[in-house]
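Hello,

Here is the structure I promised to pass on to you. Have a look at it first, and then read on for what I found.

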Amino acid sequence: MNPKLYTLLWAIATVAFIILSSLAVASVAKLVARWRGKNRLYQSRTFAGYFFASPWIVGYIIFVIGPTLASLYWSFTRFKLPAPPVWVGLQNYIQLLTTDDQFRVSILNSLYVTLFGLPLQLATALVLALLLYRRLPGEQVFRMIYYLPVMLAANSAMLITWRLVLNPNNGILNTLIRMIEGVFPFLVPVRQGVVWFTEITNAAFLGLQRGDFNLLHQTLARGLPGPEVMPLWHQSQLWSKPAIILIGVWSCGTMMMIYLAALSSVPPHLYEAALVDGANGWQRFWRITFPMISPATFYNLVVGIIATLQIFEQSYVLTDNGGPAQSTYFVAYYLWRSTFRFNKIGYGAAMSWILLVLILILTLIQFRLANKWVYYEYEEA
Amino acid sequence: MRKTGRRESFLPRKVRQAFSNGIVYLLLLAGSGFMLFPLFWMLSTSLKTMEEANSPRITWWPAEPQLDAYRQVLTDSRWLLYFSNSAFVTTLAVLGTLVSVAAVAYAFSRIQWPGRNIVFFLMLSTLMLPYQTTLVPQYVMFNKIGWVGTYNPIIIPGFFAGGALYIFLLRQFMLGLPKELDEAALIDGANHFQIWWHIILPLCKPALATIAVFLFVGNWNALQAPLIYLQRANMYTLPVVIANLINPQVRVQPWPLIMAASALTMIPLVIVFFFTQRYILESVALTGTKG
């Protein structure tokens, strides 16, 4: 049968199933309300409420609760489809946390992007928001241009374009860098410094990950790179993570919009008071703007960390299956790889639980730390 | 310290203002350049010849723009099939998700029912759940019922109001509509289904449009689930095909063709964004302030 027709028929059947199950759930809810001796109006509200909410309730049971419980069980088994799962106790978790080098590499790579990429992303988003906040004519157009990458960034078409853009030999980015340096020659040593810093930190990071510091020694021995050394981006293990960070910075439009909304909600009388007191722009920013928009920073940080932990498309498309030398293995990518490429269902399930716990811990830490630096106005009132 | 903020300059205030605005414009333009140059490069490469695209010398804009690559994609029945696959998956998923999300948001905003707060809390807690937690067991489930290798696993789950964030957004919007609307209609003898369909949904058009766009983008760009569930090449969606276009075995890649296909994949996104950007940008700001 034509696969589209097949799915279309299933879609119609699903709609019928949802309506029927919603009627069933709503009827049961109404019966319970009647048993509890509630009046007619209460009963009819109960029926309507459960009827409209049921698509989500039923879906939650089928697609979230059921699978989550199953996955918890399978995480304690060795499970290769189509064979049934075999109970192995904590073995998957022990292997993941102690002997699986690739998992450790993935976790540390995710951490790298969170530590170095997220602050860069936040800073770029804030700078763009501050520029737009001037409300100069044409601001609407700029806002649109800055948000556009968010829509495109996750598509493989865009990532494959980045592969071409970042090509170290005839890619446009390195050419652009050279062109700009042609106009402002003082930027050449700046770039040399950036190249040196990036390669050293990445070599050190790779060394820490693998317990093998040869690459770091080589990079250190080479010293400050000459002016002809350009970033190698996705083709070198020293540059692949910075390349992914660059794409993250490119698509920081959501964070920018959230900053922009926060900036507009800062009461203007604070700035006026500061001006009267003679504060300069720098002081006004750090003493007023930055604390006042700290809830936006917090929100961006929480959402951003969860998003970085789930990077997948970049490893698959941009760096060709997590390469070079596993330098772009991230948690979500490695999970996908071992579960679906190597059919290790139980192992993947255990990994997804570690990922969940990791996200919960990181979010909890952030909420704890938030008391120290996030300022909510209503606390004052 | 006291004087730094308002140092008197020899330039008149207006000139200084114009000067600082000029700098801001320059920075804004530089930022736009950074945002747009990959797209420019995509377009420019798609119009080049193979020699121009692969030569070590940079060709900013081809001397004679070629439309061959586009012609090649648009006349190839396989590419047309991939486009129709993507369009099919996206349309059906967006429709099913949108309608069910609208129903659930109505229950959370316009009806008082026992257990509403508990269910709402459960729904919000799924926002914390990483996609991967359910990905693995769902695969096993779909494998059991024989859905692996069909479009069902990437479309049907959405029909159950998939996407807690969208329910939340729409609920916020519906909460803002006056209560008298439903009360008057209820007194006139309308039932909840009629109120939902004829009164509330028409008033939610901007919010519904925004959510439809987010759903469209998410489904159009989706790579991971199609990679897992679609197993025959004639069912592939565009991202799956494009992700595998580069052949590491050959030295010279058909970049003009790859970029033409990529550009054609991006065009629906750009068009949709262009026409709905005002609503979208507004609601993005909303998620941050209310979430």
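Chain A contains 18 helices and 2 strands. Its radius of gyration is 26 Å, well over the 21 Å that the globule rule gives for 381 residues, so chain A is more spread out than a compact globule. Please keep in mind throughout that this is a predicted model. Along the principal axes, the C-alpha atoms of chain A fill a box of roughly 80 × 65 × 45 Å.

Among the contacts in chain A with a separation of 6 or more, 69% are between residues 24 or more positions apart.

The domain assignment of chain A gives domain 1 (3-74) and domain 2, which is made of 98-168 + 232-380. The C-alpha centres of these two domains of chain A lie 36 Å apart.

One helix pair may interest you. In chain A, the axes of helix H4 (residues 101-132) and helix H16 (residues 331-341) come within 8 Å and cross at roughly 150 degrees. Angles over 145 degrees count as roughly antiparallel, so that is how H4(A) runs relative to H16(A). H4(A) brings A:Gln102, A:Phe103, A:Ser106, A:Ile107 and A:Ser110 to the contact, while H16(A) brings A:Val331, A:Tyr333 and A:Tyr334. By type, the residues of this contact of H4(A) with H16(A) are 5 nonpolar and 3 polar, with no charged ones.

Finally, the two chains: their contact takes 89 residues from chain A and 91 residues from chain B. On the side of chain B that touches chain A, 59 residues are nonpolar, 28 polar and 4 charged.

Best wishes

Definitions and conventions: Residues are numbered from 1 along each chain as its sequence is written. Chains are lettered from A and ligands numbered from 1 in the order in which they are written. This is a predicted model: local features need pLDDT of at least 70, side-chain atom pairs count only at pLDDT 80 or more; totals for chains, interfaces and linings use all residues. Two residues are in contact if their C-beta atoms, placed from the backbone, lie within 7 Å. Ala, Val, Leu, Ile, Met, Phe, Trp, Tyr, Cys and Pro count as nonpolar, Asp, Glu, Lys and Arg as charged, and the others, Gly among them, as polar. Helices (H or I, at least four residues) and strands (E, at least two) are DSSP runs, numbered from the N terminus. The radius of gyration is taken over C-alpha atoms; the globule rule is 2.2 Å times the number of residues to the power 0.38. Domain bounds come from an automatic or database domain assignment. Axes are lines fitted to C-alpha atoms, for helices over the stretch in contact, and angles run from 0 to 180 degrees between N-to-C directions. Angles under 35 degrees count as roughly parallel, over 145 as roughly antiparallel, 65 to 115 as roughly perpendicular and the rest as oblique.
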